[in-house]
Amino acid sequence: MSEAVPVAAAEMAAAGFSRVALGLEYKGARYRGFQRQSGQVASIQGCLENALSKVAGGAPVNIHCAGRTDASVHASGQVVHFDTTVERSLHAWIMGANMNLPKDISVTWAKVMPAHFHARFSAMARRYRYVIYNDPIRPAHMAEEVTWNHRPLDVARMREAARALVGTHDFSAFRATRCQAKSPIKTVHHLEVIEHGRFIVLDVRANAFLHHMVRNIAGVLMTIGAGERPTGWVSEVLERAERRSGGVTAHPYGLYLIQVEYPEEFELPSRYLGPHFLSGLADVRAE
């Protein structure tokens, strides 16, 4: 998906355009990721653009997202925007889109934005949760919404190891080989390991993420939690800056984009952090 160059407000107004931002949540299990795919492959972007086009009376709608989640990855706090000459109420964009979307994709809010807002480039930070179901028996429910780990995981060991990843580092060892990011240097603001019943939740907030970064972090921390590696291994992996030193990439099913943060001037609506089945989980605001 190509990103549009931001358009000057005066040019947009003269052309009769308005920029609309939407909040989005979805279950990614049956999609090949967010980005529109060629052919008949199902994508979140393709479904949303089709639904919005129907609301717009058949006019084409091209959306831009805050984060291009991978195949089978979920979101409870995705943000997108699109430009349109079609006049609809915000209620119509929300309800009309939801009427035309599959049941595993929902628009949660809509807001008219200034021309200099961009869902991707205006974002200051993103936040993910990786949800592990730790039990000897695989779950019959939510099998595509959590990552099942049958090995007993030591949460204290995982927390100790996670501390080494907080701060600004070269995360080359935690990026996919086909990652297209210009720099592997990222700043992790917080990485908390939270025990919630049989769930173990990795809550991570950073200025930006590399491709597969959270899933690779999850793979390393689960290996340490299972006692297969010492807690200091995470520092060794980080220092080597080579993907092959970082172990197995964890499954996508447990990964959720839960929040995208923007400057206060945009005043975007806020909702509780997801996913829904963890609604009782306390927020984490460590910097």
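**Figure 1. Helix H5 and the lining of the largest pocket in this predicted model.** Helix H5 (213–225) gives the most to the lining of the largest pocket, with three residues, and strand S5 (125–134) is the other element that gives two or more. Helices (H or I, at least four residues) and strands (E, at least two) are DSSP runs, numbered from the N terminus. The pocket has a volume of about 1,200 Å³ and is lined by 33 residues, of which Arg 68, Asp 70, Phe 209, Leu 210 and His 211 lie nearest its centre. On a 1 Å grid over the protein atoms alone, a pocket is an open set of points where a 1.4 Å probe fits, with protein on both sides within 12 Å along at least five of seven lines, and lining residues have an atom within 4 Å of a point; the volume is the space filled by probe spheres set on the points, which are joined across faces, edges and corners. Residues are numbered from 1 along each chain as its sequence is written. Local features need pLDDT of at least 70 and side-chain atom pairs count only at pLDDT 80 or more, while totals for chains, interfaces and linings use all residues, and side-chain values use heavy atoms, with hydrogens and water left out.

**Figure 2. Helices H2 and H3.** Helix H2 (residues 44–55) packs against helix H3 (residues 90–100) at an angle of about 120 degrees, with the axes 8 Å apart. Axes are lines fitted to C-alpha atoms, for helices over the stretch in contact, and angles run from 0 to 180 degrees between N-to-C directions. H2 passes H3 in a right-handed crossing, in which the near helix is turned clockwise from the far one by less than a right angle.

**Figure 3. Helices H4 and H5.** The axes of helix H4 (residues 155–162) and H5 come within 8 Å and cross at roughly 135 degrees. That makes H4 oblique to H5, and H4 passes H5 in a right-handed crossing.

**Figure 4. Backbone details at Met 142 and Pro 275.** In the loop between S5 and strand S6 (147–149) lies Met 142, whose phi is near 60 degrees, a positive value in a residue other than glycine. In the segment after strand S10 (255–261) lies Pro 275, and the peptide bond from Gly 274 to Pro 275 is cis, with omega near -5 degrees.

Definitions and conventions:
Parallel < 35°, antiparallel > 145°, perpendicular 65-115°, else oblique.
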